[in-house]
Amino acid sequence: MADRHIEPDTPELRARWGAFAWSAENAEKAKTIIARYPAGRQRSAVMPLLDLAQRQVGAEENTQGWLPIPVMEYVAKQLDMPIIRVVEVATFYTMYNIAPIGRFHVQVCGTTPCMLRGSDDILAACKARGLHKGHTTDDGVFTLTEVECMGNCASAPMVQINDDNYEDLTAADMTRILDDLAAGKQPKTGTQAPGRHTVEPLGGPTTLTAMVDANHDYRGEW
């Protein structure tokens with residue numbers, strides 16, 4: 001995974017985000033989130049509130065969203081937490097972006113199952129489209145990151161783009177998906193393999209075949 005560096009806290013950053021506050025809709029969401037936790041345990045809401053804040057920043061910038069220091073301070077104040085504790089959470093979990101990001105955050109899994117199934121080809125397709133690991137394209141549309149396992153090993157190789165997964169990818173699939181996103185279209189999410197719905201075996205099941213269309217009690221046969 002590329003090194004992560006928090007965006008410096010500059011006067012310009014303060015000027016842009018120092019007055020951050022929840023939108024009316026997100027203020028209600030924040031109250032609902034905090035109310036899930038017992039009295040005295042409100043700090044447990046830090047992760048969902050950071051996610052909510054990141055999404056609000058993203059909505060304002062038309063990007064996936066990120067967490068400027070003043071925004072983290074806002075969450076810390078609401079939860080009565082030292083700011084360093086909030087920064088620790090944001091910098092530990094890679095679901096939080098701690099520097100400006102593109103509209104689409106393309107996260108390519110490079111762990112062993114995806115690598116064996118062609119993740120290098122997926123990265124090459126991204127590079128051919130002008131994406132480079134750890135960088136945002138000049139037009140601000142894409143940010144590319146290579147990440148560790150995201151739990152889709154049975155449908156490798158895969159990428160996550162913002163909140164959507166794209167699986168069973170070929171280089172051609174990756175190029176098409178990037179082109180569609182750049183053109184404002186929504187590509188098909190999930191598996192890209194023809195005839196595959198989720199992660200069922202390609203070619204159909206080879207075990208428990210009697211249960212494909214109806215429940216079947218195998219116990220008498222074992």
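**Reading salt bridges and a buried threonine**

Mentor: Let's start with the layout: the chain is assigned domain 1 (11-92) and domain 2 (104-191), with bounds that come from an automatic or database domain assignment. This is a predicted model, so local features need pLDDT of at least 70, side-chain atom pairs count only at pLDDT 80 or more, and totals for chains, interfaces and linings use all residues. Residues are numbered from 1 along each chain as its sequence is written, and side-chain values use heavy atoms, with hydrogens and water left out.

Trainee: How many Å separate the centres of domain 1 and domain 2?

Mentor: Taken over C-alpha atoms, the separation is 28 Å.

Trainee: How many salt bridges does a search of the whole structure find?

Mentor: A salt bridge is a side-chain nitrogen of Lys or Arg within 4 Å of a carboxyl oxygen of Asp or Glu. Here the search finds 13. One of them joins Arg 55 to Asp 163, with the closest N and O atoms 2.9 Å apart. Arg 55 lies in helix α3 (residues 46-61) and Asp 163 in the loop between β3 (159-161) and β4 (164-167), so the pair ties together parts that are 108 residues apart in sequence. Helices (H or I, at least four residues) and strands (E, at least two) are DSSP runs, numbered from the N terminus.

Trainee: Are Arg 55 and Asp 163 buried or exposed?

Mentor: Buried means under 20% relative accessible area, exposed over 50%, and partly exposed in between (1.4 Å probe, protein chains only). Arg 55 is partly exposed at 42%, while Asp 163 is exposed at 53%.

Trainee: Which residue forms a salt bridge with Arg 129?

Mentor: Asp 179 does, the closest N and O atoms being 2.6 Å apart. Arg 129 sits in the loop between α7 and β2 and Asp 179 in helix α8 (residues 171-182), so this pair ties together parts 50 residues apart in sequence.

Trainee: Where do Asp 173 and Arg 176 lie?

Mentor: They are three residues apart in helix α8, which means about one helical turn separates them. Asp 173 is buried at 12%, whereas Arg 176 is partly exposed at 32%.

Trainee: And where is Thr 137?

Mentor: Thr 137 is in the loop between α7 (119-128) and β2 (142-147), and is buried at 14%. Its side chain reaches the backbone nitrogen of Val 141 at 3.3 Å. Contact means heavy atoms within 4.5 Å; not counting residues up to four places away in sequence, Thr 137 touches Gly 130, Leu 131 and Phe 142.

How values were computed
A polar contact is a pair of N or O atoms within 3.5 Å; within protein, one must be able to donate a hydrogen and the other to accept it, and residues adjacent in sequence count only if both atoms are side-chain atoms.
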